[in-house]
Amino acid sequence: MTTERNRTGRHAGPGRAPRTEIVVDGDSVRAVDGISLAAVLVGERRWSLRRNPVGGDPRGPFCGMGVCFECEVTVDGRPGVRACITKIYAGMQVETAAGGEVPHDR
Amino acid sequence: MSTRTADAVIVGAGVLGASVASHLARSGHRVLVLERGAPGREGSGTTAGNLHMQAVHTRRPGQKVPLDSARFLPLQRAASDRWETLEEELETSVEVRRTGGFTVAETEEQCQELRDKHEWEAAAGIHTEILDGDAARAALPLLGPTVAAATWCDLDGYANPLKVTPAYLDSAARHGGRTVAFAPVRRITRNGGGWRVVAGRGAAEQVVDTPVVVDVAGPWLGEIAALAGITLRMTPVAIQMHATVRSSATMSHLVQHIGEGLSVKQVAAGNLLIGGGWPALRMDLAGRSATSLDSLVGNVALAVRVLPFIRDLRLLRMWAGPLAATPDEMPVIGEVPGAPGFYVAGGTYAFSFAPLWGETLRCLIEGKPPPVDVSDLGPGRLMERRSQEDGRIQEDNGPEQENHQDRRSKRC
Amino acid sequence: MTAERGTAVYGEVVERDVVIVGGGPAGLSAAARLASAGLAVTILDEQPELGGQYYRRPAPAVARHWGDHRPEGGRLIAQVRAAGVECRTGHLVWGVDDDGRTLLASDAAEHPVRLRARRLVLATGAFERVFPFPGWQLPGVTTPGFAQHLAASDHTTVGDRVVLAGSGPFLLPVACSLIELGVNVAGIAEAGRPYRPSLRALGTLGHPARLRELASYAARLARARVPIWQETVVLRADGRDRVSSVTLAAAARPTRPVRTVGVDALCVGYGFRPQTDLARMLGCEVRIDAASGDAVPVTDAAGRASRADVYVVGEAAGIGGVHAARARGLAAAYDILARETRVTVPVSEARRVVSARRRLARFTALTDSLYPDPAALLATLAPALPADTMVCRCEAVRAEEIRTTATGSADGDLNATKAWTRAGMGPCQGRECGFAVAGLVRSVASDQGAGESRVEVFPSRLPVRPVPLTTLLELAGPESQEGDA
């Protein structure tokens, strides 16, 4: 599915900002080129990115500056990537632990 | 300031001090534990918590004298038994895991050492099994291709050191024992037939008269003994530990190396703990010992060679802690010759031995036969030869020291 | 392998005149001035772009279409690049080598990099001070800083209906940024009572220009009819897999609910804490600041720490805002130039910085005095924290467990409490919960009259952030990297 229901650039100024396409948990997602991955996910209102290894409860981005490690996702097969300090690029493959089993830190 | 009395003053609220406090308190003695900082925060808070019951053959990197395994193993066997019943005894979980362990070898020389070790273990009644490389990998597929052989011992395991010490102290407290933290011992003097111990400062000062002082101060063991005029040759060192982030449960066994400094296990929380006695950068008995990058890198490289899956994990933290080592690497336990009522206990592997040494000290203090013969492990062998004016303290036990050397030379 | 290896770890060491850690306002200011005088300067930052948190750069596409919220940041970065500073972004500095001075870093691909310099400038900035409440771990609860970054750099809204809470002047610009993007800011809960008698009054008091900026935010919020609930704190957040409402309480009675607001995002922060791990790891002396409870490096006026070759500047040296950070960065640069080169800094230039620093210090003191001291807030909030509040988010440790341990076997010791509860042992290494855990320990320890020499902050430990073991294996040499993984 491709979503355009994007909270990024809702109040578009002159012209339309160039978009790029990434894949999140198998879904194709279009977002403004070069913004942070955390922004794309939050803009899509995909808040649950991982599960706490102790209790299994869902967690999402918290600090937005690389301190809390709550926004860790897997990018192009590399686990433990902090979405808040990572910029998107075309074709980026992102996996979150939104629905699945309780993952562990890697 | 007020003077109080106790049946025994225990100096050091590490795992040994907590164990002996619990044993004595449960036996009806009024015990007081004096601790310079927070309980269980030095060697006992920084140890890996391994319960290695197969021979500890590995030398710490930098260790000069090998352990006398033939003498050590029967003690280890006795220590092992006590961990079986510990949680029941303490009425709480201390995360004891007896899931067995492997000691691996990579070279032909190390394989021969495994076979020697296996024989001593058999003699001491510790069952181990020798596996070749493929059998070892079949038993633990996580082992890497360089593993040429391994021994398996189902007694091996670990416990959470951060739980054991508090559990012992709680048990002592339930039986009337008291622990005073942040009360460094400043003076120990003879007082009639017993001892007077002064700890802490100002309003928090403690003055205690007691017939029995138990010096279980870990790396400070020598310093505390010196307060009582006793000179013991101790060689404390600081070693470091490394923890990875949590990982999904993949390894339930303890893995050690026979020729190099390595111990790896996965703790209850899921973190992999990587150690093996690699030296810290600096031992700091006044503050926190500093960790070394060299040791980190060396230890991790070795761990990844033996257990390649670790490569994909991340280092979460590392820490260093002091270790009360003796020059001959053997434990020290017993009453100080010429200083009646002054007992010491310590040395490497104090964690595994804590339950046994607690019971042993109680027996020695009560004048009962101890569960194991420790007559050759007394502090006399560590005492300086010097002429004391009052003649109270002098070295003896020369023959015991020779006994050790004898046994070791036979083995080597 | 023997203990006598003594050989340094494998790999090259980058040697520079000055290495600056942190590419925010302070680090950039120092870098530009030092490099323009001809020194070989490297600047390192963990983020993918220079700018730090305050000058965080918008994505180019965002800047083109919606503008650059802080163009002065862009100009400063351009100056730094033009001056020939080697800019290593995406570089995490995670430790210090055994010699006590070589920095251990890893690049964006997580390869190790070691750097050595005659002078180190630590401009490691700050992170937000947070305090837990039931439900703070729910997705949709964030720091105000995150909401600000989303809005300003990524032109993205944190939610459609948002409550901001906590304390300090920072909540106001964040609220304004959200309003600009069309977000319904349902209200701002401020723990103190800084705004009296009304928001608009701030601008009329004849305060310095910087305070007028605050007043202009306040005026915009008043126009947008955003309520500011003063002396109000968050009691709890509720929601299933995501925050759906926040319940507020009076700061004086933080256990009694006064208002529940439906939200899809909640942003809570109590200002900022200096990030001092690296300074402490390098052995720089720190003091505990009584008003905040934070560890602050001890420095002279030029930012020189107790170690002569280390300077700590910007927010890492104590929270003071962007202008103070830039002035501190420059002051360190002048001191280094005086020691390293024959370049004489014009007296007038140096004097400007000194007087700016003084003026800014007065302004900081003035702003700080409007808001409650973090340490005082902590003393009220910590005892009221409900027993089942998850205080350590990483290790899921609850308030009750921390209190019981601190009162019991840990005997009022912060580090023993950490060791025995695991609070502070997760991947954030206690940065999110440290303030609260210290407050909880203190609140129960003071009951039993704990002794004098207790540690008040978690110690700094290598690595500063979790480091892949593959990075370490590269340091062990080429033969250690072979493997079947």
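What radius of gyration does chain C have, and what would a compact globule with 485 residues have? I looked this up first. Chain C has 23 Å, which agrees with the value near 23 Å for a compact globule with 485 residues. The radius is taken over C-alpha atoms, and the globule rule is 2.2 Å times the number of residues to the power 0.38.

I note that this is a predicted model, in which local features need pLDDT of at least 70, side-chain atom pairs count only at pLDDT 80 or more, and totals for chains, interfaces and linings use all residues. Residues are numbered from 1 along each chain as its sequence is written, and chains are lettered from A and ligands numbered from 1 in the order in which they are written.

**Chain C overall**

I took the box along the principal axes: the C-alpha atoms of chain C fill roughly 65 × 55 × 50 Å. I found 15 helices and 22 strands in chain C; these are DSSP runs, helices being H or I of at least four residues and strands E of at least two, numbered from the N terminus. Of its 485 residues, 59% count as buried, meaning that 20 or more other C-beta atoms, placed from the backbone, lie within 10 Å of the residue's own. I also looked at contacts, which are pairs of residues whose C-beta atoms, placed from the backbone, lie within 7 Å. Among those in chain C between residues at least 6 apart in sequence, 67% join residues at least 24 apart.

**Helix α13 of chain C**

I looked up residues 414-421. 8 of the 8 residues of α13(C) are buried, so this helix is largely enclosed by the rest of the structure. Among them are C:K418 and C:W420. The buried residues pack against α2 (43-46) and α7 (161-174) of chain B, and against β21 (397-398), α12 (399-407) and α14 (434-445) of chain C. Just after α13(C), I found C:R422 with a positive phi of about 75°.

**Helices α9 and α10 of chain C**

I found α9(C), residues 322-340, and α10(C), residues 347-370, packed at an angle of about 145° with their axes 9 Å apart. Axes are lines fitted to C-alpha atoms over the stretch in contact, and angles run from 0 to 180 degrees between N-to-C directions. The residues making the contact include C:A327 and C:Y334 of α9(C) and C:V353 and C:R357 of α10(C).

**Chain A against chain C**

I noted 40 residues from chain A and 36 residues from chain C in this contact. On the chain A side, α1(A) gives the largest share, 3 residues.

Definitions and conventions. Contact = placed C-beta atoms within 7 Å. Buried ≥ 20, exposed ≤ 12 C-beta atoms within 10 Å, placed from the backbone.
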